[in-house]
Amino acid sequence: MTGDPLVTRARRFGTVAIVLGVFTIVVFAIPNAGVVTTLSLESRLAGGAGSQIGSIDVPVLWSTLVLGLGALALGVALWMGRWRDHAIRAGGAAIGLFVIAFLLWAARGETLFVVDLARLSLRAAVPLTLGALAGVVSERAGVVNIAIEGQLLMGAFMAAVLASVTESPMMGTVAAILGGVAIAAMLGLLSVKFDTDQIVAGVVLIVFATGLTSFLASQWLTVSPDMNSPATFSAFAIPGLSSIPILGPILFDQSFLVYVTLAAVIILQYGVFKTRWGLRLRSVGEHPKAADTVGINVPRTRWLAVLLGGALAGMGGAFLSIDAASSFTEEMSGGKGFIALAAMLAGRYNPRGAFGAALVFGLSEASARALQGFDVGIPSTLLLATPYVVTILVVSGLIGRLRIPGASAQHYSTE
Amino acid sequence: MSSDMQPTLDDERVDPGERLTGEESLRDRLIMAVTGPNVTVTILAFVMAFVVGAVLIAFSDEASREALGYVTSRPSDFFTAAWDAITGAYGALISGALGSGTGITESLLAATPLILAGLAVALPFRAGLFNIGGEGQVIAGGMFAAYVGFNFPGLPLVVHLPLAVAAGFVGGAIMGFIPGILKVRTGAHEVIVTIMLNNIAIVLLDWTLTLPTFIGNATLSPKWLPIADSADLPTMFGSRLNIGIFMALVAAVVIHVFMERSARGFEIEAVGLNPTAATTAGMSVGRATIWALTLAGGLAGLAGSVQTLGVSDGGVTAGFSGGLGFDGITVALLGRSRVPGTVMAGLLFGALEVGGRAMQAEAGINLDLVGVLQALIILFVAAPALVRWLFRLDRPSRRAKAKEVTA
Amino acid sequence: MQLELQGITKRFPGVIANDHVDLVVRDGEIHGLLGENGAGKSTLMNILYGLYSADEGTILIDGEPVHFDGPGDAIDAGIGMVHQHFMLVPVFTVAENVTLGTEFAHVGGRLDRQAANDAVRDLSRKHNLPLEPDVLVEDLPVGLQQRAEILKALYREAKLLILDEPTAVLTPQEADDLFEAMAKLRDDGRSLVFISHKLREHRAIADRISILRRGKIVGTADPRTASDEELAELMVGRPVDLVVDKPQSSPGEVVLDLDDVDIADEDGVDVVQGITLQVRRGEIVAVAGVEGNGQTEFVNAVTGLHPIHDGRMLLLGDDLSDHSRVELLRGGIGHVPQDRNNEGLVGRMSIAENLVLDHWNSEPYAQRGLMQFRLIREHADHAIEAYDIRTPGADTLVGSLSGGNQQKVVVAREFDKDNALLVAAQPTRGVDVGSIEYIHKRIVEERDEGTAVLIVSSELDEVLALADRVAVMFHGHLVGPFDMPVDKGDIGRMMAGATPEEVFGPSGVPNPGAGGDQDAGERARRADAPRRGDGEVEA
């Protein structure tokens with residue numbers, strides 16, 4: 001009896017969906033008859049026009065019951081072989097239903113500000129997305145970029161300092177890009193020119209960037225705090241689009257860097273797969289010798305990809321210090337560079353997928369905060385571990401075997 | 001089809017040139033080791049790092065920064081100020097670490113967890129694995145050790161202490177086992193899994209710091225209940241140095257013997273060098289992976305237990321692991337994943353850390369500079385090609401380059 | 001295009017890969033380059049293609065000296081290369097691969113897939129090399145992948161095509177198709193350089209051949225008039241023994257017994273089906289076949305590296321599947337793997353360490369978990385002497401040995417054991433002639449000591465030289481085995497898929513009645529098993 005890998009994968013997702021569905025019904029739905037969660041579509045945080053639809057009282061029992069049955073149904077369908085080719089989407093949908101059910105349950109008896117949650121998720125996803133895009137671009141060219149964490153920090157530091165000195169967040173962003181590019185250049189130098197193991201180089205650069213930014217911060221910034229009071233980005237609404245109900249305040253009432261991120265995802269997704277540049281980039285990552293023999297300059301392509309990645313990650317760092325916060329703190333990237341790596345993996349080295357994963361991680365971060373006041377039953381602190389647990393599950397193959405670009409992490413030398 | 005060997009021409013066997021062929025006497029080998037290009041590169045790496053560090057000092061010291069303001073009119077002021085700052089800082093660094101008895105014991109104390117954490121990275125390196133999970137393993141080990149430490153106050157030292165230490169080893173080993181088994185069963189890359197586990201461990205630690213079972217009443221500045229005296233690592237020489245240093249050295253010897261002489265170690269090394277050939281020969285990559293990572297986790301766990309059972313009150317606070325995970329990576333890189341090198345690197349970085357504190361106290365240069373120095377040293381060591389290029393040194397065995405011939 | 005190489009010299013540290021090579025490829029001819037593995041053919045071609053630069057010498061195209069800084073320059077000059085290991089990106093389509101570097105694009109860089117597909121379709125039609133442009137290369141069979149390589153070169157208007165060992169991965173039929181295409185390209189006015197170490201291919205297609213030995217051109221000949229022996233002698237430098245001196249075999253009990261074995265790959269798809277075979281003490285069974293027909297999986301299964309899916313495998317009556325790889329290696333099976341670099345040896349370990357690689361944790365080399373290095377070294381010294389391994393010492397890293405000596409290390413390790421069964425895959429690949437002779441001699445000695453020997457090789461000459469009985473692997477099925485002697489051409493046809501009936505006539509065996517087929521009785525008893533080579537193969 002031969003095993004069709006697609007069927008096995010569908011079955012695996014099916015099992016997960018069924019388990020989640022049953023869990024939802026038993027734990028979320030049944031014990032909560034009569035309990036109500038208030039979903040408020042009001043936005044307390046948007047700068048511009050908040051949606052005024054008001055709030056809905058959602059009965060926990062019925063809503064989670066429906067969601068649980070939905071997940072269950074998806075699971076059964078997957079087991080029966082339906083949607084073999086779309087197992088990931090069906091499985092993802094089931095997981096999505098579970099997450100919604102979880103949120104409804106966790107906020108039982110309280111009010112959940114849905115629009116705000118979405119906004120915060122998107123914002124939390126920004127540095128993750130930019131970092132993940134940095135990883136995607138490098139990796140597609142065959143260079144493993146572990147140093148994203150270092151690039152974020154460098155970007156954050158440069159942004160804070162320059163935005164303080166010039167009182168312009170834009171200048172801060174430019175400086176952040178340069179900072180990220182600098183670290184990326186070192187990565188490129190070490191791995192493309194000097195044949196250092198790429199992972200080692202990445203780790204070393206993280207240590208270096210952390211040390212350097214911490215040192216400069218404590219040596220300069222504590223002494224001259226005016227170098228660490230940057231002008232920050234604030235949200236501005238795009239007229240017209242931001243009045244779309246629900247989606248408007250989420251997507252179109254954000255700050256500059258958020259818009260840049262959204263644009264970057266779209267541009268890169270198109271660029272990598274539909275343009276000449278993207279084809280050559282991928283050829284270098286898959287089979288550098290083949291690319292070389294048709295005259296593509298492999299080292300240069302890799303260099304440019306790495307530097308581009310650095311620029312993106314640098315911007316992510318800028319978001320941290322002059323958008324999400326209003327100053328630089330030592331080690332403020334707090335592991336986001338690694339979550340970005342996880343998003344890249346979960347997104348299977350696609351810009352679109354990476355963004356999707358980053359959104360999910362952003363959601364978990366935002367929910368942990370939103371649920372903090374509530375009596376959830378499990379400590380909300382633990383929720384902060386969700387992205388990490390999810391990543392481990394992803395990397396262990398829940399989402400099927402991950403295909404790494406053929407020549408990833410391999411040094412390529414021409415004579 | 002890549003491999004770790006390149007085809008050579010038929011019977012034109014390549015003369016290995018300066019590479020060891022096993023025929024040299026011990027004396028020859030010693031001379032080659034000390035004067036060989038690798039040592040030169042390492043020394044130069046140090047020099048480079050300290051030079052860059054000097055530049056950083058010059059530009060961050062207050063006095064020299066002031067003098068920088070008018071450097072065009074009176075340049076000598078700047079250079080004098082800079083020189084003073086640099087010598088002051090490095091002087092404090094060296095004297096702080098080695099200039100007194102206290103300095104030396106403090107350096108050894110600081111080196112203890114570094115050696116263990118370094119071994120925890122070096123060992124898996126030999127198996128071709130990258131253990132970035134030191135931080136999480138240290139935390140787990142420290143927590144396990146501390147838990148045993150504060151929970152059985154009645155036991156005598158001779159029982160309680162080893163028990164706590166063993167618990168620390170177990171805690172770390174579990175955190176090492178997880179990425180190992182995941183890699184073997186699912187192919188999950190250990191770099192990602194260990195990084196994620198680090199963060200999970202931190203979250204768990206923070207969570208315990210909210211639970212009365214662990215912290216008692218100390219809700220204001222949360223830390224775990226103090227370790228019983230019977231589980232404290234005894235100190236020596238009237239200083240803060242405890243017997244942990246012996247633990248670290250013994251562990252180093254054990255690991256060295258393990259890797260160089262045991263069959264299991266041989267298997268791990270073969271798997272690290274060529275997993276396909278090892279499998280074909282009947283070895284088990286999975287077994288080597290799990291052994292290497294679990295042992296490594298245990299070593300890091302020991303480092304954690306030294307942290308929590310060691311210094312004065314010890315005990316578990318947020319961030320007690322203090323970046324040991326990454327420090328371990330730098331130590332292992334400097335030590336080139338060999339045990340003697342790792343021990344030396346651990347001692348060195350321990351000294352740097354202590355010296356750095358003195359440097360901060362006396363010369364006003366922030367301790368983070370030490371981190372930068374360490375990173376720079378590693379940077380240059382990890383890229384010997386870079387150093388050679390900078391100094392136009394020859395590659396170690398030019399004739400070995402014939403290995404790169406594709407006929 | 002007329003291509004002339006004058007005095008081309010290329011040195012690598014310690015070695016002269018090309019030594020004042022003079023070569024002329026006339027306009028509109030197929031020029032064969034004949035030489036052993038390691039003679040310097042690939043280096044020369046890499047220079048020609050701009051991947052390496054020569055230390056001395058000139059390249060002239062149509063009388064004009066040219067200089068190449070990289071493959072781009074060579075391509076511009078009209079030189080195209082069809083590499084031995086394809087320069088194709090597996091996850092791209094044929095069209096994407098062919099047009100890589102000179103893609104069709106709209107304004108702004110957007111790829112024009114349609115134009116690319118059309119162009120490739122036109123090209124393939126023009127040269128009669130049919131190929132669908134919109135297919136992923138990794139989904140194509142090897143012969144068609146090679147076609148894509150060729151189209152890639154033609155797309156860039158190559159006037160001189162270099163083909164580097166193109167038949168290494170083709171069946172004889174695919175090779176014939178290739179030769180046809182090459183002839184047509186020549187007739188259309190192109191020049192071709194055809195690199196191969198197989199004499200008979202040059203006979204088939206080359207107009208003139210040049211022989212390369214140890215970096216020097218030692219002669220140019222007309223392949224149609226020179227004899228095999230003359231050419232081989234030029235290649236190697238001394239009269240080559242193409243046949244191994246082998247006494248008659250006297251087979252004993254059955255050692256390896258395979259009954260209707262199926263082997264599946266990691267995706268669960270059967271790559272080997274219905275193998276029934278017996279190997280006896282004191283005989284050599286050689287399995288011929290082009291690589292990629294399931295040999296790798298077959299060898300791995302028989303030596304315990306890969307589980308079987310269906311059927312039975314017995315070693316001296318004991319079910320193989322009950323034992324781990326380690327148990328088998330120590331319990332009577334010697335295995336010389338097909339890729340010594342990746343599978344057989346750890347390059348950065350010493351000879352001594354490699355010699356105990358499969359016994360590393362058993363007595364006497366390890367006691368109570370600790371390695372006994374003195375004993376290991378003594379053993380190595382002894383083996384080096386016994387197996388004529390040329391090395392300064394037992395502590396030399398195996399990676400610095402030549403291919404032949406490396407293989408001798410593997411042979412020393414595996415033959416020294418008390419084997420009931422010896423399995424050797426591609427035993428003399430990449431090995432110099434002297435070592436080939438030595439290894440073949442040793443294999444026959446093993447047989448005469450009573451070991452059952454199973455050889456799997458894509459070198460037909462080796463198969464013919466060693467086999468007492470010969471079988472053919474094709475598309476995962478085993479054809480045969482047949483008692484030797486069997487005609488070489490017949491084996492070749494079976495390697496291409498012909499059934500025994502087609503080749504030998506209704507009896508299905510060569511020489512029916514003369515000498516007998518020891519397995520005939522067995523086969524008759526298992527007659528309800530599906531016939532092999534029946535057309536039930538994947539196209």
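Q: How much of the contacts in chain A with a separation of 6 or more comes from residues 24 or more positions apart?
A: This is a predicted model, and in chain A the residues 24 or more positions apart account for 78% of the contacts with a separation of 6 or more.

Q: And what about chain C, for contacts between residues at least 6 apart in sequence?
A: In chain C, 69% of those contacts join residues at least 24 apart.

Q: What share of each chain counts as buried?
A: For chain A, 58% of the 415 residues count as buried, and for chain C, buried residues make up 53% of the 539 residues.

Q: Which domains does the assignment give for chain A?
A: The domain assignment gives domain 1, covering 5-109, and domain 2, covering 119-398; taken over C-alpha atoms, the centres of these two domains of chain A are separated by 29 Å.

Q: I'm looking at α3 of chain A now; what is its reach from first C-alpha to last?
A: Helix α3 of chain A, residues 87-106, has 20 residues and reaches 28 Å from its first C-alpha to its last, which is close to the 28 Å expected at 1.5 Å a residue.

Q: Which residues of α3(A) are buried?
A: Among the buried residues of α3(A) are Ala87(A), Ala90(A), Gly91(A) and Ala94(A), and the list also includes Leu97(A), Phe98(A), Phe102(A) and Trp105(A).

Q: Changing topic, where does Phe252(A) lie, and is it buried or exposed?
A: Phe252(A) lies in the loop between α8 (247-251) and β5 (253-254) of chain A, and it counts as buried because 22 other C-beta atoms are within 10 Å, where the cut-off is 20 or more.

Q: What is Phe252(A) in contact with, leaving aside its neighbours within four places in sequence?
A: Phe252(A) is in contact with Ala237(A), Ile238(A), Leu241(A) and Ser242(A). As for Pro239(A), which is 13 residues apart from Phe252(A) along the chain, the C-alpha atoms of the two are separated by 8.4 Å.

Q: How many residues are in contact between chain A and chain C?
A: There are 19 residues of chain A in contact with 22 residues of chain C. On the chain A side, the elements that give two or more residues are α10 (276-286) and α11 (288-293), and α10(A) gives the most, with five residues.

Q: What does that side look like by class?
A: The side of chain A that touches chain C has six nonpolar, seven polar and six charged residues.

Q: Over to chain C, then: what is the strand order in the open sheet of six strands?
A: The order is β16-β19-β20-β13-β21-β22 in chain C, with mixed pairing. The edge strands, each pairing on one side only, are β16 (333-336) and β22 (477-483) of chain C, and neighbouring strands of this sheet are turned by 15 degrees against each other on average, direction ignored.

Q: In which sense do β16(C) and β19 pair?
A: β16(C) and strand β19 of chain C, residues 421-425, pair in the parallel sense over four bridges, and within β19(C) the bridge partner of Val336(C) is Ala424(C).

Q: Which strands does α14 of chain C lie across?
A: Helix α14 of chain C, residues 403-415, lies across β16 and β19 of chain C and runs at about 170 degrees to β16(C). Helix α9 of chain C, residues 295-302, lies across β13, β19, β20 and β21 of chain C, running at about 155 degrees to β19(C).

Q: What joins β4(C) to β5?
A: Three bridges join β4(C) to strand β5 of chain C, residues 64-66, and the two run antiparallel. β4(C) and β5(C) form a hairpin with two residues between them, and Asp62(C) in the turn has a positive phi of about 50 degrees.

Q: Last one: why does Val169(C) count as buried?
A: Val169(C) counts as buried because 20 other C-beta atoms are within 10 Å. Not counting residues up to four places away in sequence, Val169(C) touches Val142(C), Glu291(C) and Gly292(C).

Definitions and conventions:
Residues numbered from 1 in each chain as written. Chains lettered and ligands numbered in written order. Predicted model: local features only at pLDDT ≥ 70, side-chain atom pairs only at ≥ 80, totals over all residues. Contact = placed C-beta atoms within 7 Å. Nonpolar A, V, L, I, M, F, W, Y, C, P; charged D, E, K, R; others polar. Expected span 1.5 Å × (residues − 1). Buried ≥ 20, exposed ≤ 12 C-beta atoms within 10 Å, placed from the backbone. Pairing = 2+ DSSP bridges. Axes fitted to C-alpha atoms, helices over the stretch in contact; angles between N-to-C directions. Domains from an automatic or database assignment.
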